[in-house]
Amino acid sequence: MSASSLLRRVSLVCGLALAAVAAPASAAETPAPPHQKWSFDGAFGQFDQASLQRGFVVYDHVCSTCHGMRSLTYNDLSGIGMSQKAITDLAHSKQFPGPADEDGQPTTRPGTPDDHFKSPFASDAAAAAMMGGVAPPDQSRLALIKPHGADWLYAFLTGYRMPPPPGAPMVPGKFYNEWADGHLIGMPPPLVDGGVTFPDGTKATVEQQARDVSTFLVWASDPHRNARHHIGKGVVLYLIVLLLLAFAWKKKIWKRLDGN
Amino acid sequence: MTKPNKPGQQPVPPAEEGSGLAGWIDRRLPVISGFRAEYIDFRMPKNLNGLWNFGAILTVVLLLMLATGTFLAMHFTPTAAEAFLSVEAIDRQLPGGWLLRAMHMTGANLFLAALYIHLFRGLYYGSYKSPREILWISGLLLLVMVMATAFAGYVLPWGQMSYWGADVISKAVGAVPVIGNTLEHILAGSDHLGDIFLHRFFVIHFILAFLVVAVVGIHVVAVHVAGSNNPVGIEPKTPKDTVPFHPYFTSKDLFGLVLFALVFALLMFFWPGLLMEPDNYAPADPMHTPADIEPEWYFLPFYGMLQSVPSKFGGLLAAAGSLLILFALPWLDRSPVRSMRFRPICRAGLLVLVASFVVLALVGKHHAQGNWMALGRLATLYYFGYFLVLLPVAARKEKTRPLPASISAAQGDA
């Protein structure tokens, strides 16, 4: 058998194998949530700071009553453009367990910018006990871990149906959501129109809140994306120039051999 | 710049370094003349192609891994309770920590990628044959050490994939007959994967990384003793077949390095998702098995073998054997012809081997379910068949193409 005919066979086998891989994978997965346009999408995407700040308002007033975000510190919020004073004030408004006093009694102290976000529950076990058996997941990396991150979050937050569509299963204490596993979830619809007030005057519809808090959660999962893309552009440009120079040098050197 | 070294000219003996501090040092420890002999005047075959860039690339990536790894280690806490959070703190709060960690993660992936290409080049051009057996063996030793280092490193962030990957491996070790349970216990350090295991793997990761440097030293010395192989696989016969390392291969290696750095930067800055496993950003939870436990891509072919062989221990033997068999390669392939360019049957056989390796990776990705199982067994059989049957038989029976008279002749400028 010649090498080229074998090569062809190899590529055929590979192609078939790949086709076999692709088919069941797409069939088995749940439908992907509709794609939204996000400013942070793609290789050059950047977070929209105004949206991040609105998203934090939603997180702080709504999500954080049940969901922790323990990997973040208040200082990290400078990444969404919050001023140092606003960060300090925010941290101060949260009470943390302090050292025991002279009588050995537990005390509390106001938070500092270096404190991690205060968890709503003392422990995961306490959270599970209070929330019907399942602890609300930590949101530090939620948008990264969930497939289709931002698109799923947006679809989910706007996906509650009250009352549920006819024929949908009904379980007391559970809510119908098109994007929850099995369409049922213990979390009640968190967002309502006008549930929060945005300082920048944007109208706080459910869709707007969902959009902004999804953006905020993606930022929390990947807080250095703006810097990464920004530095990346500079580095890649530099390397392209260097590559051209290195190529020219190599050509010049190796040309010496042609003379012989 | 110094006077250019004309090709075909005998290397100029190193200039007398008799005077000054440099000369004083060189007479006592010949680092300067040694460097000149090995990295400036050193004769290299002039027909090396781009695949010969990966030695230099691997050296540079190794240095990058050591540099970034050292600083990451300073901020890492090797306990089950704190490891995940300390990595999060590196990524979020440590100034520049995200970049440090991104370099280390991208570096690990591309180190393995470059290593596989480097290995393929050795297989394709017969670089394992006499007189380069020790070079080959030291390189394989590096491969095994790097794989162990990579595995240990992946355990450290103590995410879900770290934990459950470690669980799969320690259970696989437990499948060894008779001593399996003892081995598993030694590996885990206690009856569950926790503080002791994590602390040990941190130390192992750190120590192995520096041992790799030592073996790289042996590897580089070996390549400087035997000289580089080349695409036609015949030794240089006259100075016309060679060029001095500098400036010919300094310029070529620089070009290769910058091109590699460009790929590195694109992946790291713009497409980090291609190399990252999102599940590992959930902290390790021994009570909750993920739906899909999957190793990093560079272990997938071995994972495929592990899963497609019917018995657990058999799978372990196959996966380990697939690496060990490479050590015997110089003695399995006795053909005097090195380069696959002149060995049509083995060349086709090697390309099928590469295809089988890729198929095995896909098998691993699909947990050898359904048809993947059969495909995985076929590919495993072929993998061993190539080394144990095809190469030894072809060494005697294959009709090779005529070799050129010299490297210069092969390039058509004799």
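Trainee: Over residues 21–232 of chain B, how far apart are the end C-alpha atoms?
Mentor: In this predicted model, residues 21–232 of chain B are 72% helix and 1% strand. An unreviewed UniProt entry annotates this stretch as "domain: Cytochrome b/b6 N-terminal region profile".

Trainee: Which element of chain B has the lowest mean pLDDT?
Mentor: Chain B as a whole has a mean pLDDT of 93, with 95% of its residues at 70 or more. Among its elements, the highest mean, 98, belongs to helix H5 (residues 97–124) of chain B. The lowest mean, 90, is that of helix H8 (residues 180–188) of chain B.

Trainee: Over which residues of chain B is the pLDDT below 50, and how many contacts does this stretch have beyond near neighbours in sequence?
Mentor: The stretch with pLDDT below 50 is residues 1–6 of chain B. Where pLDDT is low, the predicted coordinates should not be read in detail. Beyond near neighbours in sequence, the number of contacts that residues 1–6 of chain B have in the model is 3.

Trainee: Which helix gives the most to the side of chain A that touches chain B?
Mentor: Chain A and chain B each put 40 residues into the contact. On the chain A side, helix H1 (3–28), helix H5 (142–145) and helix H8 (225–255) each supply at least two residues. With 16 residues, the one that gives the most is H8(A).

Note on methods
Residues numbered from 1 in each chain as written. Chains lettered and ligands numbered in written order. Predicted model: local features only at pLDDT ≥ 70, side-chain atom pairs only at ≥ 80, totals over all residues. pLDDT = per-residue confidence, 0-100. Helix = DSSP H or I, 4+ residues; strand = E, 2+ residues; numbered from the N terminus. Contact = placed C-beta atoms within 7 Å. UniProt positions renumbered as here; feature names shortened; annotations may be inferred.
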